[in-house]
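User: I have a model open and a few things to check in it. Can we go through them one at a time?

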Amino acid sequence: MSSTECLMEDTPTQENVFKEGLSAERTTSPCVIVLFGATGDLTKRKLVPALYNQVRNGYLSPEIAIVGFARRDKSHEEFRADLLEGVREHSPYYTDGDPVWQKLSESIFYHQSSFEDDKGYQSLGTELDQIDRELGTEGNRLFYLATAPEYFSLIAKKLGEAGLSQSNGLKPGQDPGGKDGPWVRVVVEKPFGIDLDSAVDLNQKFLDVFHESQVYRIDHYLGKETVQNILAFRFSNGIFEPLWNHKYVDHIQITVAESLGVGGRGPYYDKAGAVRDMVQNHMLQLLSLVAMEPPVSLEADAVRDEKVKVLRAIREIPKDKIKDLTVRAQYQKGSISGEVVSGYREEDRVPENTITPTYAAFRVEIDNWRWAGVPFVLRHGKRLPKRATEIAIQFKKPPMPLFSESTVDTVHANTLIMNVQPDEGISLCFGSKVPGPDIRIRNVKMDFRYGHSFGMASPDAYERLLLDAIIGDSTLFTRKDEVEHSWKFFTPILEEWEAMGEEGLQFYEAGKWGPEKAKDLLGSELRAWRKL
């Protein structure tokens with residue numbers, strides 16, 4: 001048998017690879033997708049191109065309709081033309097005159113209304129009933145809230161009052177119980193709350209109207225192929241999971257680096273900051289997937305039960321330790337790729353004395369048997385040297401008595417790296433002898449890249465998540481208790497930062513890897529932040 005036996009004989013097409021993962025149970029039923037905030041950037045740039053791609057690839061039922069709900073005055077034709085611009089720009093499949101788009105566009109409609117108007121929801125119900133009759137969508141409805149967060153609870157309330165939140169004659173908030181017949185689901189974008197109290201309150205307002213099984217809190221990071229592959233990598237390979245614990249792992253680094261600044265999002269970002277925008281949701285989801293125990297099955301609640309156990313086991317940072325175990329900072333004027341860029345306080349519509357952090361780093365401890373004593377260090381920042389998201393599992397360094405002192409200095413700990421973006425894949429760094437008569441060890445790397453191994457680019461995260469929501473698979477969506485436990489950890493930190501004001505706020509030059517103080521979180525002179 002050849003040394004390439006694990007390689008595929010033929011490079012599969014994108015359609016074949018993706019379809020291999022879809023069983024007969026993962027076919028979608030007819031439905032209407034109602035997009036609230038339909039004239040916004042998310043709808044045009046991500047949602048409709050993702051739906052078009054899935055229709056084109058045959059993963060969505062032909063009996064599908066899209067209804068845009070927004071304030072602006074538009075005709076159906078104007079709305080379709082706007083969406084076509086987004087599909088043309090953001091889908092790799094579209095060509096002029098594409099019959100798939102022509103057919104899909106005939107099932108796209110625009111419903112003009114403000115989010116506060118009761119009559120707008122009543123007339124929406126009438127329109128949805130008409131679409132069911134004419135297009136055969138069978139009463140199945142997916143409401144997608146692609147709006148500013150302040151409208152989430154209002155829209156949920158109005159849907160309930162208009163009788164649109166339930167099917168089968170159920171009362172608001174009643175468990176659908178898997179009954180046959182029409183289904184109703186709601187997808188909610190982040191951020192889900194701004195602290196623990198607001199998240200608890202928002203959860204309750206949704207559960208006054210919907211049952212938990214109907215609520216899909218979306219985190220687009222969970223739709224990325226490398227993130228999904230964490231479970232497959234850990235639990236389908238016998239050589240890594242036995243090492244995945246405190247006996248062999250020295251520490252774990254999770255980095256989400258962005259080279260861009262806040263752009264035109266100044267007012268939003270200054271209210272959110274690095275933690276609310278990225279760390280509390282995306283990064284804690286990555287941590288929970290890396291640290292969780294094997295689930296009893298791959299059913300949604302079995303996976304989410306294990307993630308919640310991790311979140312519950314995260315050690316609270318005492319108030320007097322927040323200065324030592326967390327770092328917050330803002331970028332200042334600097335240079336990225338040879339271009340001079342402004343500091344955060346000079347960005348458009350950002351207050352000149354703001355203390356909102358654009359960089360946040362944390363040392364997190366998980367108090368359970370598997371991870372006792374293993375630090376998880378998280379960092380996220382804007383205006384860093386490059387855009388990259390990775391998870392690095394650094395194993396403990398082996399004993400070195402076999403090697404000379406000069407060789408010992410060149411031997412580095414083994415590191416397993418999961419690249420989430422932009423180059424999705426997995427790498428393993430290990431020591432190897434340099435050719436020659438002397439014993440010299442050098443680190444080398446084994447690489448797996450999705451594009452190379454499967455002959456295709458990874459599908460957009462929204463393609464997978466929209467498909468799952470329509471199917472009714474909530475595995476990759478966050479549950480009520482996940483949201484609340486993540487806020488339980490971060491809320492005291494955010495409150496203490498606010499109370500400290502500018503005291504303790506660090507600064508870093510744009511184009512650098514953050515403030516020097518972040519090195520202290522690693523806790524050992526033998527540890528260092530990875531150079532991405």
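User: What does E241 touch, not counting residues up to four places away in sequence?
Analyst: This is a predicted model. In it, E241 touches R234, F235 and R370, with residues up to four places away in sequence left out.

User: Which side chains make a polar contact with the side chain of E241?
Analyst: The side chain of R234 does, at 3.2 Å. The side chain of R370 does as well, and that polar contact is 2.8 Å.

User: And where does E241 lie?
Analyst: In the loop between α8 (225-235) and β7 (249-257).

User: Does E241 count as buried or exposed, and why?
Analyst: Buried, because its relative accessibility is 15% and the cut-off for buried is under 20%.

User: Switching to cysteines. How many disulfides are there?
Analyst: The count comes to zero.

User: OK. C31 and C429, then: buried or exposed?
Analyst: C31 is buried, with a relative accessible area of 1%. C429 also counts as buried, at 12% relative accessibility.

User: Next, helix α6. Which residues are buried there?
Analyst: α6 covers residues 152-161, and F152, I155, A156, K158, L159 and G160 are buried in it.

User: What covers them?
Analyst: The cover over the buried residues of α6 includes the strands β1 (31-36), β4 (141-145) and β5 (184-188). It also includes the helices α5 (118-135) and α7 (196-207).

User: What about the backbone just after α6?
Analyst: G163 sits there with a positive phi of about 75 degrees.

User: Last, the whole chain. How many helices and strands, and how much of it is buried?
Analyst: The chain has 15 helices and 17 strands. It runs to 532 residues, and 53% of them count as buried.

User: What is the accessible surface, and how much of it belongs to carbon and sulfur atoms?
Analyst: The accessible surface of the chain is about 24,600 Å², and 50% of that belongs to carbon and sulfur atoms.

User: And of the contacts between residues at least 6 apart in sequence, what share joins residues at least 24 apart?
Analyst: 77% of those contacts.

How values were computed. Residues numbered from 1 in each chain as written. Predicted model: local features only at pLDDT ≥ 70, side-chain atom pairs only at ≥ 80, totals over all residues. Heavy atoms only, no water. Helix = DSSP H or I, 4+ residues; strand = E, 2+ residues; numbered from the N terminus. Buried < 20%, exposed > 50% of the residue type's maximum accessible area, 1.4 Å probe, protein only. Polar contact = N/O pair within 3.5 Å; in protein donor to acceptor, adjacent residues only side chain to side chain. Contact = heavy atoms within 4.5 Å. Areas by Shrake-Rupley, 256 points an atom, 1.4 Å probe, with all protein chains shown as cover. Disulfide = S-S within 2.5 Å.
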